[in-house]
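Subject: Structure handover

Hello,

Here is the structure I promised to pass on. Please open it alongside this email, and then read my notes below.

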Amino acid sequence: GEIMEYKEDNRWRTTSEEKRLLERLSHNHYEDARRAAERHRQVRQNVQSWIRPGLRMIDICERLEQMNRDLVEADGLERDIAFPTGCSLNNVAAHWTPNGGDETVLHEDDECKIDFGAHVNGRIIDCAFTVAFNPRYEPLMNAVREATNAGIREAGIDVRLCDVGEAIQEVMESHEVELDGKMYQVKCVRNLNGHSIEPYRIH
């Protein structure tokens, strides 16, 4: 994982003895989350190595979920996938997953958002990544990457979520992309927000 130092008013959390003691009391929860996060990272890297145009979306999801279960050593409520895999295409922003019998295929000009989760003892890791095969989408992918990194830099304990969102939006909307000879300003999806994650509970 990437370590981000606290910013400005929150820097004291690194040196406070009380905060460090509280962190140690939650050690087991952190270890569960780290284990789930490492499995999640391994699955993501594996999927990025084989996902390609021509595959059915349902096959992508089933293969990803099986690897997720294998790596996390699925065992009912103790360890498993956290929720059905989302694999939203193009203008579908999030939360689409194919049902049995769906024949939707990933194409060369598609951009696909893969959203999946793993949990260990209820500590859920929920993360998504985007794949695009046409180089014309690279400026858009760079905008999203920069905005994501801005959000990570702003995040931390006691940070207001609106401040994190504002930082992400500012970076995202500073970008433009050219598609078919026309310039477009990159915009955030206004009605797609974050959500809470609690032990064994998401959304």
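Glu166 and Glu170 are exposed, and they sit on the face of α6 turned away from its buried side. Bear in mind that this is a predicted model.

Which residues of α6 are buried? They are Val164, Ala167 and Met172. These residues span an arc of only 130 degrees around the axis, so they fall on the same side of α6. The helix itself covers residues 161-172, which is 12 residues. From first C-alpha to last, α6 reaches 16 Å, close to the 16 Å expected at 1.5 Å a residue.

What do the buried residues of α6 pack against? Their partner is α5, residues 138-154.

Now look at α5 from its own side. This helix has 17 residues. Its reach is 25 Å from first C-alpha to last, close to the 24 Å expected at 1.5 Å a residue. Buried in α5 are Met141, Ala143, Ala147, Ala150 and Gly151. The buried residues of α5 pack against α6 and also against β4, residues 123-132.

**The chain as a whole**

The protein chain has six helices and eight strands. Along the sequence they follow the pattern α-α-α-α-β-β-β-β-α-α-β-β-β-β. Taken along the principal axes, the C-alpha atoms fill a box of roughly 55 × 45 × 30 Å.

How much of the chain is buried? Of the 203 residues, 30% are. Then there are the contacts between residues at least 6 apart in sequence. Of these, 60% join residues at least 24 apart.

**A pocket to look at**

Next, the second largest pocket. It holds about 220 Å³ of space. Its lining is made up of 13 residues. Those nearest the centre are Lys7, Glu8, Asn10, Glu154 and Val159.

**Asp80, a buried residue in a strand**

Asp80 belongs to strand β1, residues 79-81. Is Asp80 buried or exposed? The relative accessibility of Asp80 is 18%, so Asp80 counts as buried; the cut-off for buried is under 20%.

Leaving out residues up to four places away in sequence, Asp80 touches Arg69, Val72, Ala74, Ala118 and His119. Gln42 is 38 residues from Asp80 in sequence. In space the two are 15 Å apart, C-alpha to C-alpha.

Most residues other than glycine have a negative phi. Two residues here are worth checking against that.

Asn90 has a phi near 55 degrees, a positive value in a residue other than glycine. Asn90 lies in the loop between β2 (86-89) and β3 (111-120). Its relative accessible area is 31%, so Asn90 is partly exposed.

Tyr200 also has a positive phi, near 65 degrees, and is likewise a residue other than glycine. Where is Tyr200? Tyr200 is in the loop between β7 (197-198) and β8 (201-202). With 47% relative accessibility, Tyr200 counts as partly exposed.

Thr97 is in the loop between β2 and β3. Thr97 is partly exposed, at 31% relative accessible area. What does Thr97 contact, leaving aside neighbours within four places in sequence? The list is Cys61, Thr85, Gly86 and Cys87. Leu22 is 75 residues from Thr97 along the chain, and 39 Å separates their C-alpha atoms.

Arg190 sits in the loop between β6 (182-185) and β7. Arg190 is exposed, with a relative accessible area of 68%. From Arg190 to Gln169 the distance is 10.0 Å, C-alpha to C-alpha, and the two are 21 residues apart in sequence.

Best wishes

Conventions: Residues numbered from 1 in each chain as written. Predicted model: local features only at pLDDT ≥ 70, side-chain atom pairs only at ≥ 80, totals over all residues. Heavy atoms only, no water. 1 Å grid on protein atoms, 1.4 Å probe; cavity = no way out; pocket = protein on both sides within 12 Å on 5 of 7 lines; lining within 4 Å. Points joined across faces, edges and corners; volume = space filled by probe spheres on them. Helix = DSSP H or I, 4+ residues; strand = E, 2+ residues; numbered from the N terminus. Expected span 1.5 Å × (residues − 1). Buried < 20%, exposed > 50% of the residue type's maximum accessible area, 1.4 Å probe, protein only. Arc of directions from axis to C-beta. Contact = heavy atoms within 4.5 Å.
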